[in-house]
Amino acid sequence: MILFKKVFLSLLLLSCYSVNAEVIIIVHPSNSSSFDQSEISKLFLGKAKSFSDGNQAVPLNQDEGSAARKEFDSNVLSKSGSQLKAYWSKLIFTGKGSPPKEVGNDADVIDLVSKNPSMIGYVGAASLTDSVKSVGKF
């Protein structure tokens with residue numbers, strides 16, 4: 001019984017401390033713009049509409065609830081999901097913006113970004129392929 005309690009408590013503690021996975025920011029391989037966390041954040045918060053080279057930028061979010069989205073929101077945008085909902089609700093209501101398009105998962109983001117030089121997205125580090133260009137790791 002004591003061993004069971006120790007195992008249960010250990011598992012409980014492990015579940016409270018989730019391991020943060022790295023999120024990779026990706027663009028089309030032809031994109032020659034420069035990127036830093038501030039620039040990426042501005043694109044995903046609708047504060048910038050183009051890359052540093054002047055070309056149109058189309059940010060892609062993963063579906064709400066995905067692990068990559070949670071990491072991106074926290075590590076890059078420094079906001080929680082509820083803070084972002086409130087942020088976008090205000091912008092939508094006032095007609096000043098709309099949130100990035102949502103796509104399903106890493107594979108969907110890679111597929112879309114690899115086919116469109118205007119898109120920027122993020123994926124879990126383990127999903128990165130040669131069909132896209134990595135411009136940041138968070």
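**Space and packing in a predicted model**

About 30 Å³ of space lies in the largest cavity of this structure, which is a predicted model.

User: Into which classes do the residues of the lining of the largest cavity divide?
Analyst: The lining of the largest cavity is made up of Phe-44, Asn-61, Asp-73, Leu-77, Leu-84 and Trp-88. Sorted by class, these residues come out as one charged, one polar and four nonpolar.

User: Which element gives the largest share of the lining of the largest pocket?
Analyst: The largest pocket, with a volume of about 270 Å³, is lined by 16 residues, and Glu-64, Arg-69, Asp-73, Gly-81 and Lys-85 are the ones that lie nearest its centre. Two or more lining residues are given by helix 3 (67-75) and by helix 4 (81-94). The largest share, five residues, is that of helix 4.

User: How many residues of the lining of the largest pocket are charged?
Analyst: The lining of the largest pocket holds three nonpolar residues and six polar ones. The charged residues in that lining number seven.

User: Which residues touch the most other members of the largest nonpolar core?
Analyst: In soluble globular proteins, nonpolar side chains tend to be buried together. Here the largest nonpolar core has 20 residues, and two or more of them come from each of strand 1 (23-27), helix 2 (37-44), helix 3, helix 4 and strand 4 (119-124). Leaving aside residues up to four places away in sequence, Ile-120 touches residues including Ile-25, Phe-35, Phe-51, Val-58 and Val-113. The members that touch the most others are Leu-43, Phe-44, Phe-72 and Ile-120.

User: Which residues of helix 2 are buried?
Analyst: The cover over the buried part of helix 2 includes strand 1, strand 2 (58-62), helix 3, helix 4 and strand 4. With buried taken as under 20% relative accessible area, the residues of helix 2 that qualify are Glu-39, Ile-40, Ser-41, Leu-43 and Phe-44.

User: Which residue just after helix 2 takes a positive phi?
Analyst: At the start of helix 2, a side-chain oxygen of Asp-36 comes to within 3.1 Å of the backbone nitrogen of Ser-38. Just after helix 2, a positive phi of about 75° is taken by Gly-46.

Methods
Residues numbered from 1 in each chain as written. Predicted model: local features only at pLDDT ≥ 70, side-chain atom pairs only at ≥ 80, totals over all residues. Heavy atoms only, no water. 1 Å grid on protein atoms, 1.4 Å probe; cavity = no way out; pocket = protein on both sides within 12 Å on 5 of 7 lines; lining within 4 Å. Points joined across faces, edges and corners; volume = space filled by probe spheres on them. Helix = DSSP H or I, 4+ residues; strand = E, 2+ residues; numbered from the N terminus. Nonpolar A, V, L, I, M, F, W, Y, C, P; charged D, E, K, R; others polar. Core = buried A, V, L, I, M, F, W, Y, C linked by side-chain atoms within 4.5 Å. Buried < 20%, exposed > 50% of the residue type's maximum accessible area, 1.4 Å probe, protein only. Contact = heavy atoms within 4.5 Å. Polar contact = N/O pair within 3.5 Å; in protein donor to acceptor, adjacent residues only side chain to side chain.
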